[in-house]
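Trainee: I have this one open for the first time. Can we go through it piece by piece?

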Amino acid sequence: MKTNSKNLGLVTKKFNDFFLVDLKNQEHFGNRNRFLCKVRKSINFKDQLIYVGDEVVIDNIDLKSKRALIISLKKRKNLLARPSVANISNIYITFSVEEPELNLSQVNRFLISAESMGVEVSLVLTKCDLISDKRRSFLIDKFGQWGYQAITLNLHKSDYFNNLLAELKQKESSIFMGPSGVGKTTLLNMIIPGLQNSTAPVSNKIKRGKNTTRNVELFSLSNESYIVDTPGFNMQPLEVDSRLLPNLYSEIKKQVVDEGIKCKFRNCLHLNDEGCNLNKSFERYSFYKEMIESSKSHHYQNQED
Ligand SMILES: Nc1nc2c(ncn2[C@@H]2O[C@H](COP(=O)(O)OP(=O)(O)O)[C@@H](O)[C@H]2O)c(=O)[nH]1
Ligand SMILES: [Mg+2]
Ligand SMILES: [Zn+2]
């Protein structure tokens with residue numbers, strides 16, 4: 001049985017020339033709404049590749065063989081690099097409070113890099129079973145000043161995890177990003193029962209190397225809610241254009257946008273005191289300066305290439 005009605009779908013997995021596509025808003029298809037698709041030959045997507053997370057229109061749906069053809073690609077909201085995933089709505093920056101030890105400068109880089117994607121950014125702190133309640137409160141307070149309500153997880157207390165899970169089910173498309181060993185795979189295995197990706201203690205990470213060849217995949221958490229599984233990827237933060245940096249810090253944005261402070265020079269990077277009216281007495285100001293410097297040198301390097 002073939003239908004020729006055009007339907008909107010979501011690419012959940014990609015391998016070679018094939019795509020797995022979930023039909024959107026198609027309750028009458030019941031559970032059987034996942035199709036193995038190829039791209040219609042006559043279609044030229046102007047050299048655009050199709051990525052996991054992309055919205056596509058499918059046609060020539062064969063309900064029996066569960067095959068269909070992708071006939072067009074919708075405009076995407078964003079595209080994450082390494083791993084390539086399109087249309088992310090929420091990035092959960094994930095760090096452990098111990099093992100490996102929290103590195104604030106690195107946490108900041110990951111947060112700001114995520115902010116530059118223009119998506120909703122949250123901070124998850126794992127392994128809170130390894131610290132005292134006092135230390136936990138201290139960290140919550142610290143990151144509150146950075147503009148983030150940290151989600152603190154403790155493997156031995158499931159209520160924190162259940163809150164996170166309930167939140168994820170409200171979001172369109174979420175991804176956990178963070179360095180190696182912080183517990184991302186552990187979390188995903190709890191969120192998606194049956195996934196069983198392999199986890200490894202920090203000391204074994206290097207030995208294990210890059211033997212994971214599975215691809216990026218979207219998993220459905222609820223109606224219209226997905227989470228990205230990124231096996232074998234340990235995401236590195238991107239360099240962000242220095243001109244964009246000020247607005248990515250809530251402490252700066254608050255002053256400039258909400259309070260309307262004005263500096264002498266337009267597009268002030270708030271580095272010098274002369275003519276700059278930014279109140280620089282906030283913890284992340286030194287990290288901000290570091291990022292501006294590294295962004296500049298990155299910029300010059302690329303110009304020389
Ligand atoms: N103590 C403690 N260890 C954890 C927790 N979550 C993960 N781990 C351990 O941290 C190690 C690395 O976890 P993994 O999920 O592979 O980290 P990934 O590299 O971010 O995917 C494993 O040995 C896990 O058992 C936690 O909440 N508490
Ligand atoms: Mg992992
Ligand atoms: Zn300024």
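This is a predicted model: local features need pLDDT of at least 70, side-chain atom pairs count only at pLDDT 80 or more; totals for chains, interfaces and linings use all residues.

Trainee: Which helix is Phe287 in?
Mentor: Phe287 belongs to helix H8, which covers residues 285-304.

Trainee: And what does Phe287 touch, leaving out residues up to four places away in sequence?
Mentor: Ser105 and Asn108. Asn108 is 179 residues from Phe287 along the chain, yet their C-alpha atoms are 7.2 Å apart.

Trainee: Is H1 mostly covered or mostly open?
Mentor: Mostly covered, with nine of its 12 residues buried. Among the buried ones are Asn108, Phe110, Leu111 and Ile112.

Trainee: Next topic, the largest nonpolar core. Which residues touch the most other members?
Mentor: Val21, Ile91, Ile93 and Leu125, out of 57 residues in that core.

Trainee: What is Ile91 in contact with, apart from neighbours within four places in sequence?
Mentor: Ile91 is in contact with Ala114, Met117, Val119, Val121, Ile175 and Met177. Ala114 is also one of the buried residues of H1.

Trainee: On to strands. How many bridges does S2 make with S3?
Mentor: Six, and the two strands are antiparallel. S2 and S3 form a hairpin with two residues between them. Asn16 sits in the turn and has a positive phi of about 50°.

Trainee: Which residues are the bridge partners of Gly9?
Mentor: In S5 the partner of Gly9 is Val56, and in S3 it is Leu23.

Trainee: Where do S13 and S14 sit, and how do they pair?
Mentor: S13 is residues 217-222 and S14 is residues 225-229, and they pair in the antiparallel sense over five bridges. Phe219 has Ile227 in S14 as its bridge partner. S13 and S14 form a hairpin with two residues between them, and Glu224 in the turn has a positive phi of about 70°.

Trainee: Now ligand 1. Which residues come nearest?
Mentor: Gly183, Lys184, Thr185, Thr186 and Thr199, of the 16 residues around the ligand.

Trainee: What classes make up the shell around ligand 1?
Mentor: Six nonpolar, seven polar and three charged residues. Helix H4, residues 184-191, gives the most to the shell, with three residues.

Trainee: Last one, Leu79. Where is Leu79 placed?
Mentor: Leu79 is in strand S7, which is residues 79-80.

Trainee: Why is Leu79 called partly exposed?
Mentor: Because 15 other C-beta atoms lie within 10 Å of Leu79. A residue counts as exposed at 12 or fewer and as buried at 20 or more, so 15 falls in between.

Trainee: And what is Leu79 in contact with, beyond four places in sequence?
Mentor: Tyr51, Ser84 and Ala86. The C-alpha atoms of Leu79 and Asp54 are 9.1 Å apart, with 25 residues separating the two along the chain.

Key: Residues are numbered from 1 along each chain as its sequence is written. Chains are lettered from A and ligands numbered from 1 in the order in which they are written. Helices (H or I, at least four residues) and strands (E, at least two) are DSSP runs, numbered from the N terminus. Two residues are in contact if their C-beta atoms, placed from the backbone, lie within 7 Å. A residue is near a molecule or strand if its C-beta atom, placed from the backbone, lies within 6 Å of it. Ala, Val, Leu, Ile, Met, Phe, Trp, Tyr, Cys and Pro count as nonpolar, Asp, Glu, Lys and Arg as charged, and the others, Gly among them, as polar. A nonpolar core is a set of buried Ala, Val, Leu, Ile, Met, Phe, Trp, Tyr and Cys residues joined through C-beta atoms within 7 Å. Two strands pair if DSSP finds at least two bridges between them.
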